[in-house]
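Hi,

Here is the structure I promised to pass on. Have a look at it first, and then read my notes below.

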Amino acid sequence: MIAVSRTKIVVAALAVVALVQVARRPRAEHPGPDGSDKEPVTRVDRDVRGNALRMLDEGRNTFRFDTFGDEAFWGDTLRLHEVIAGSELGGTGPGLTPTEALALGLKVDVDALPAHVRVGLKHGTVDLDDPATTLALLKLDAVVGVTGFFGDDGGLRSVGIQCALCHSTVDDAFAPGIGRRLDGWANRDLDVGAIIALAPNLQPLADLLGTDQATVRDVLNGWGPGKFDAELLLDGKAMRPDGKPAAVLIPPTFGLAGVNQHTWTGAWGTVTYWNALVANLEMRGKGTFFDPRLDDPAQFPIAAAHPEQFGHKRDDVDLITPKLPALHAYQLALPAPSPPAGTFDPAAAERGDRLFSGKAKCNGCHVEPLWTEPGWNLHPASDIGIDDFQANRGPDHVYRTAPLAGLWTHQKGGFYHDGRFATLRDVVGHYDEFFQLGLTDQEANDLVEYLKSLPGEEDAGG
Ligand code: HEC
Ligand code: HEC
């Protein structure tokens, strides 16, 4: 008996020694929170990482290049490709030159251009005033967010659009409007309305809206650069009560991981809800969409009258649903970019940081480092002292606390959903008055410098 107990004691002692050794091992075998450490150790970990990387690649492809079959609408039905090609190349009218396309805010992806085209552009031997050059760029898949479909005769047969049309721009590295892709940045140069208004056949939109093509064209031309109206075809409200267009600014789609409600107004839903809505109802790709809230004839008269096109959409093929998981992953992976040095005053930004969480009380809603509320990030218009027109176009009649990371990238077009405040100083001025903050001029400017500095160094990449 004694011998057995002694064995037990020895075994127990060895176990303690082994545990102490494990405890002393450096922790570096587990990947650190900054992702800088070792490869994952288990097979499951490796599978998860592999899956994440695969989704990012797939999602990027979808975001940049997938039309979801929407060329059946933009090309085959609205015949947008005809005005791009022009009558000499099988379309109608003078055609769209690259110079005109750039002026409408369309962007060219320099990485898609072969070396000889880049050289030609540099030396001015590529004719930017010839629609044939536009077609050549489309053939190269170099026009951000637009895909041309070409027939066997080389003619432009149809055209479709992608997420990247509105939610990507380029860094202008090569020339204004020509550079490397910046996915997730709002293209505030893009005049979507003017582009759609070029289409020879706007009858399908006129039919839905119960009006004529000339009126539809006026509405579209009234939006101006950087704006789009995602609710127009649901509720038919083209104008605000003050007579201005009801379109809203194109928001950035980076820095959204951890953010609950998306879009300016809530509560439409999460990123993947909106991705499905946009691909089906706005881009008019082929897919499936379900939202019985759109059956409400009082709020969404057009959608409620055409359930098969809106809240209960089921096309003969579904080119959207299988792509939603990876598209979601890619969207959430897009980091809000940090501002380049020299674009804000660091000392003032530091003072602004203290004001943001202190005297100015911004952090009460814009909670760092999401800069929106963790949880239910929605407010009635009265909470922020503005009118409720746009809020009432969303299901819950509220505005979403806008996440502020990367504000510096979208100063063009103004701030708040409709750009009603031209500058950040105007936004701060509004809060100062509405919340009676009693900010001095210097304090207001410090806050502005802080806003321009977001997401800041330590939070970059989140
Ligand atoms: C024609 C321009 C256009 C296209 C194309 C487009 N969007 Fe948008 N997107 C907008 C506008 C405008 C809003 C703001 C809508 C609102 O709040 O009412 C928006 C909002 C969003 C938001 C919410 C961002 C936020 O935090 O407010 C996400 C996410 C988004 N779009 C993703 C996509 C994806 C994915 C696609 C492709 C399937 C896409 N969009 C295609 C114009 C566009
Ligand atoms: C009661 C909650 C609340 C408080 C407090 C608040 N905000 Fe906001 N903020 C919002 C909401 C909601 C929006 C979206 C408004 C819209 O879409 O029209 C917004 C929008 C903004 C925008 C525009 C973002 C864009 O993309 O256009 C800025 C900038 C901003 N807030 C900064 C601040 C600052 C600075 C403070 C402190 C002085 C502050 N906010 C205090 C709720 C709040």
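First, some housekeeping. This is a predicted model, in which local features need pLDDT of at least 70, side-chain atom pairs count only at pLDDT 80 or more, and totals for chains, interfaces and linings use all residues. Residues are numbered from 1 along each chain as its sequence is written, while chains are lettered from A and ligands numbered from 1 in the order in which they are written.

**Around ligand 2**

Ligand 2 is surrounded by 24 residues, and the closest are Cys362, Cys365, Phe415, Tyr416 and Tyr431. A residue makes it into this shell if its C-beta atom, placed from the backbone, lies within 6 Å of the ligand. Sorted by class, the shell holds 17 nonpolar, 5 polar and 2 charged residues. For the classes, Ala, Val, Leu, Ile, Met, Phe, Trp, Tyr, Cys and Pro count as nonpolar, Asp, Glu, Lys and Arg as charged, and the others, Gly among them, as polar.

Which helices supply at least two residues each? They are α17 (381-384), α18 (424-434) and α19 (441-453), and α18 gives the most, with 4 residues. Helices (H or I, at least four residues) and strands (E, at least two) are DSSP runs, numbered from the N terminus.

Tyr416 counts as partly exposed because it has 18 C-beta neighbours inside 10 Å. The scale is this: 20 or more other C-beta atoms within 10 Å of a residue's own make it buried, 12 or fewer make it exposed, and anything in between is partly exposed, with C-beta atoms placed from the backbone.

In helix α15 (residues 324-333), the buried residues are Ala326, Leu327, Ala329, Tyr330, Gln331 and Leu332. Their cover includes α2 (43-65) and α13 (271-282). Contact here means that the C-beta atoms of two residues, placed from the backbone, lie within 7 Å.

α2 and α15 pack with their axes 7 Å apart, at an angle of about 95°. The axes are lines fitted to C-alpha atoms, for helices over the stretch in contact, and angles run from 0 to 180 degrees between N-to-C directions. The two helices are therefore roughly perpendicular to each other; that label covers 65 to 115 degrees, with under 35 being roughly parallel, over 145 roughly antiparallel and the rest oblique. On the α2 side the contact includes Ala52, Met55, Leu56 and Phe63, and on the α15 side it includes Pro325, Ala326 and Tyr330. By class, this contact has 10 nonpolar, 2 polar and 2 charged residues.

**Strands**

β2 (residues 146-150) and β3 (residues 156-161) run antiparallel, joined by 5 bridges. Strands pair if DSSP finds at least two bridges between them. β3 is mostly covered, with 5 of its 6 residues buried.

There is also an open sheet of 3 strands in the order β9-β13-β12, with antiparallel pairing. Its edge strands are β9 and β12 (378-379), each of which pairs on one side only. β12 and β13 are joined by 2 bridges, and Leu378 stands opposite Arg400 in β13.

Two peptide bonds to check on screen:

- Gly266 to Ala267 is cis, with omega near 0°; Ala267 lies in the loop between β9 (265-266) and α13.
- Leu454 to Pro455 is cis too, with omega near 10°; Pro455 sits in the loop between α19 and α20 (456-459).

Arg284 belongs here as well, with a positive phi near 65° in a residue other than glycine. Arg284 is in the loop between α13 and β10 (288-290). Is Arg284 buried or exposed? It is buried, because 26 other C-beta atoms lie within 10 Å.

Cheers
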